[in-house]
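Please keep the structure open while you read.

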Amino acid sequence: MTILEGKSLNKRYAAVDALRGVNVRLDEREILGVVGESGSGKSTLLKLLSGLEPPSGGEIIFRGRSLSPRRTKEDYRAIQMIFQDAAASFHPRRTVADSIGESVRSLCGRDTAVDKAALAAMVGLSPELMERYPRRLSGGQCQRFAIARAMAAKPEILLCDEITSALDVNSQAQILRLLAELCHESGTSAVFVSHDLSLVACLCDRIMVMRDGAVVEQGLTRQIIDAPREDYTRALVESVMEV
């Protein structure tokens with residue numbers, strides 16, 4: 001069953017069309033990979049789906065309901081964004097625990113309790129680390145706590161914008177495993193954006209390939225990897241094989 005859908009999405013900045021007629025579908029319990037080179041429109045698509053920016057045209061539908069540009073607090077709780085620069089997404093002068101607590105109470109109610117020990121355990125970290133400031137944590141630790149903050153709101157959808165791009169190979173693999181486990185255990189759907197097709201292929205059920213603000217092709221992961229239809233997709237797959 002489809003949980004989130006974008007129909008004919010357009011986004012224009014000044015004289016630049018960042019998105020051109022993009023159609024995207026996310027099903028329940030699915031991880032959708034969106035791949036393409038820099039400037040292809042991947043991050044812009046997530047900004048629209050998350051409500052951070054309104055589309056210039058088109059419609060976003062969540063559980064059969066069209067989302068207006070002015071979303072409710074419940075809409076923001078249900079669709080959570082995880083950013084590429086995890087450290088910058090936390091307040092630099094507050095501990096990670098304080099930042100997470102403030103975010104959860106803002107979305108879920110002022111009286112919502114935050115179980116710091118349970119959240120830390122969820123992402124494989126010591127609860128003592130939550131009392132540190134972002135600058136005192138590694139990139140991988142910050143990204144794990146960013147995932148914990150998103151999951152603490154009990155979302156239905158995670159939008160992951162290049163969340164492994166600043167990490168080393170070992171940390172990337174750990175974050176992918178963590179994300180797969182959390183989505184599987186909680187039933188949360190996710191959109192995983194990356195320029196790295198090999199990472200997307202390891203994690204995602206379906207893949208959507210973008211270029212110059214448009215969708216080149218999309219399909220099941222094995223279909224895209226084993227039998228790409230478009231030349232651009234074929235070039236991406238061949239570059240992965242060469243590496």
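1. Begin with the second pocket. This is a predicted model. By class, nine nonpolar, one polar and two charged residues make up the lining of the second largest pocket. Helix 4 gives the most, with three residues.

2. Now put names to that lining. Val104 and Cys108 belong to it, and so do Thr112, Ala113, Val114 and Asp115. Ala118, Leu119 and Met122 line the second largest pocket too, along with Met151, Ala152 and Lys154. The space in this pocket is about 230 Å³. Empty space of this kind shows up when a probe the size of a water molecule is rolled over the atoms.

3. Turn to the largest pocket. Its volume is about 330 Å³. The lining has 16 residues, and the closest to the centre are Gln80, Met81, Phe83, Ser103 and Leu107. Which elements each supply at least two residues of the lining? They are strand 6 (79-82), helix 3 (96-108) and helix 5 (139-152). By class, the lining of the largest pocket has nine nonpolar, five polar and two charged residues.

4. In general, strands of a sheet pair through backbone hydrogen bonds, either parallel or antiparallel.

5. Check the pairing of strand 1 with strand 4. Strand 1 covers residues 2-13, and strand 4 covers residues 57-62. Five bridges join these two strands in the antiparallel sense. Find Glu5 in the model: its bridge partner in strand 4 is Ile61. Then find Gly6, which stands opposite Ile60 in strand 4. In a regular strand the side chains alternate between the two faces of the sheet.

6. Follow strand 4 on to strand 5. These strands pair in the antiparallel sense over two bridges. Phe62 has Arg65 in strand 5 as its bridge partner. The hairpin of strand 4 and strand 5 has two residues between the strands. In this hairpin, Arg63 takes a positive phi near 50°.

7. Is helix 1 mostly covered or mostly open? Helix 1 (residues 42-50) is mostly covered, with seven of its nine residues buried. Those buried residues are Lys42, Thr44, Leu45, Leu46, Leu48, Leu49 and Ser50. As a rule, an α-helix has 3.6 residues a turn, so residues three or four places apart point the same way. Just after helix 1, Gly51 takes a positive phi of about 90°.

8. Last, find His184. This residue sits in helix 6 (residues 169-186). Why does His184 count as exposed? His184 counts as exposed because its relative accessibility is 61%, and exposed means over 50%. Compare the position of Cys142: His184 and Cys142 are 42 residues apart in sequence. In space, His184 and Cys142 lie 22 Å apart, C-alpha to C-alpha.

Methods
Residues numbered from 1 in each chain as written. Predicted model: local features only at pLDDT ≥ 70, side-chain atom pairs only at ≥ 80, totals over all residues. Heavy atoms only, no water. 1 Å grid on protein atoms, 1.4 Å probe; cavity = no way out; pocket = protein on both sides within 12 Å on 5 of 7 lines; lining within 4 Å. Points joined across faces, edges and corners; volume = space filled by probe spheres on them. Helix = DSSP H or I, 4+ residues; strand = E, 2+ residues; numbered from the N terminus. Nonpolar A, V, L, I, M, F, W, Y, C, P; charged D, E, K, R; others polar. Buried < 20%, exposed > 50% of the residue type's maximum accessible area, 1.4 Å probe, protein only. Pairing = 2+ DSSP bridges.
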